[in-house]
Amino acid sequence: MTKFIKKLFALCLAAVLMAVMLPVQTEAATVKLNKTKATVYAGSSITLKLNGASGRQQWRSSNPSVAAVSQKGKVTAKRVRTSIITARYQQTSYRCQVTVKKPYLNSANKTLNKGKTYVLKLTGAKAVSWKSNKSSVASVNQKGKVTAKKAGKAKITCKAKDGKSYHCTINVKEQQDSGLTAAKVYKAMIAMKSSYPEGMRWTNDNYYQWKGGIYSGGYGCAGFAFALSDAAFGSLPARTHTDFSNIRVGDIVRMNYNAHSVIVLEVKSNGVVVAEGNFNESVHWGREISNQEIKQTGTYVMTRYPQ
């Protein structure tokens, strides 16, 4: 019995040794470049990686004066053009087409009415400073927000982290006097309260044909807003914008994620006071809406003040 146990133990040990010594077959990793096309702005860099490669790699650029590459795959964009970056690994080449573009401002020439604002943005480089050569005409803060102050011309200069400068010419025009003031617009709208009293039934069955253009008319809340808008602006054409910091008395705000329209009676520092139709299926005057709610749920603003 003892000899049998010894023999069985020897056989088990031999089986274990054979299993350990047998070669383990593993699936070869797929080698792949993380990008085959890339856009890089001059002065910036990206890093290319040869995923799945574990050995020595060689990197080169078809045009180092356009885009240079280090032996670790770091590509540095130098001037506008296209270059092919090649990674060589185990007798196989992997390529990425790198297109170098010049950083740019979102506008090189902008016309603003006095009192209006515009935000300049630099794409492709980090802006470190903003400056106006005529702050009395158009000033700019360190976030690129331009404020038009008086008629004239000013040059805004943005300096990037790499030392390069980018420019935008701002032309400021005096606002045309249309004779419309917030007080006049409010007076015309509030006079309609006798025709559309508080609590009057107003639903999506109510329609109003509009003179402002964009839409021929509207039902429900839109129709009510159009009626008050025509009372204040007559046949002046409407236009839309999405600058919710620039809402005026008489503007129509489309909000609640494009589900409800209101018309502005008063503008406050923290929000607006509105009139609206189809508010619980009736006309309602005087609801206050915060700026935060408008920014969160607003879709657009329709205004009829002349540009």
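How many residues of α3 are buried? Of its 14 residues, 13 are, which leaves the helix mostly covered. Its length works out too: at 1.5 Å a residue, α3 should span 20 Å, and because its end C-alpha atoms sit 20 Å apart, the two values agree.

The largest nonpolar core holds 24 residues, and the ones touching the most other members are Met189, Tyr196, Phe224, Leu228 and Trp285. The largest share belongs to α3, with eight residues.

Skip its neighbours within four places in sequence, and its contacts include Met189, Ile190, Tyr196, Phe224, Leu228, Leu265, Val274 and Ala275. Lys193 and Glu198 are also on that contact list. Apart from this core there is another one, made of 21 residues, among them Trp59, Val69, Cys96 and Val100.

## A closer look at Lys173

Lys173 belongs to strand β18, which covers residues 165-173. Is Lys173 buried, partly exposed or exposed? Its relative accessible area is 47%, so it counts as partly exposed, since that class lies between 20% and 50%.

What does Lys173 touch once residues up to four places away in sequence are set aside? The answer is Thr111, Leu112, Asn113 and Lys114. Take Leu112: it is 61 residues from Lys173 in sequence, yet their C-alpha atoms are 6.2 Å apart in space.

## The whole chain

Zooming out, the protein chain has four helices and 26 strands. Of its 307 residues, 36% are buried. Its accessible surface is about 18,300 Å², with 51% of that belonging to carbon and sulfur atoms. Among contacts between residues at least 6 apart in sequence, 53% link residues at least 24 apart.

The chain's pLDDT averages 89, and 89% of the residues score at least 70. Residues 22-28 are another story: pLDDT stays under 50 there, and the model gives this stretch zero contacts beyond four places in sequence. Where pLDDT is low, the predicted coordinates should not be read in detail.

Note on methods. Residues numbered from 1 in each chain as written. Predicted model: local features only at pLDDT ≥ 70, side-chain atom pairs only at ≥ 80, totals over all residues. Heavy atoms only, no water. Core = buried A, V, L, I, M, F, W, Y, C linked by side-chain atoms within 4.5 Å. Buried < 20%, exposed > 50% of the residue type's maximum accessible area, 1.4 Å probe, protein only. Helix = DSSP H or I, 4+ residues; strand = E, 2+ residues; numbered from the N terminus. Contact = heavy atoms within 4.5 Å. pLDDT = per-residue confidence, 0-100. Expected span 1.5 Å × (residues − 1). Areas by Shrake-Rupley, 256 points an atom, 1.4 Å probe, with all protein chains shown as cover.
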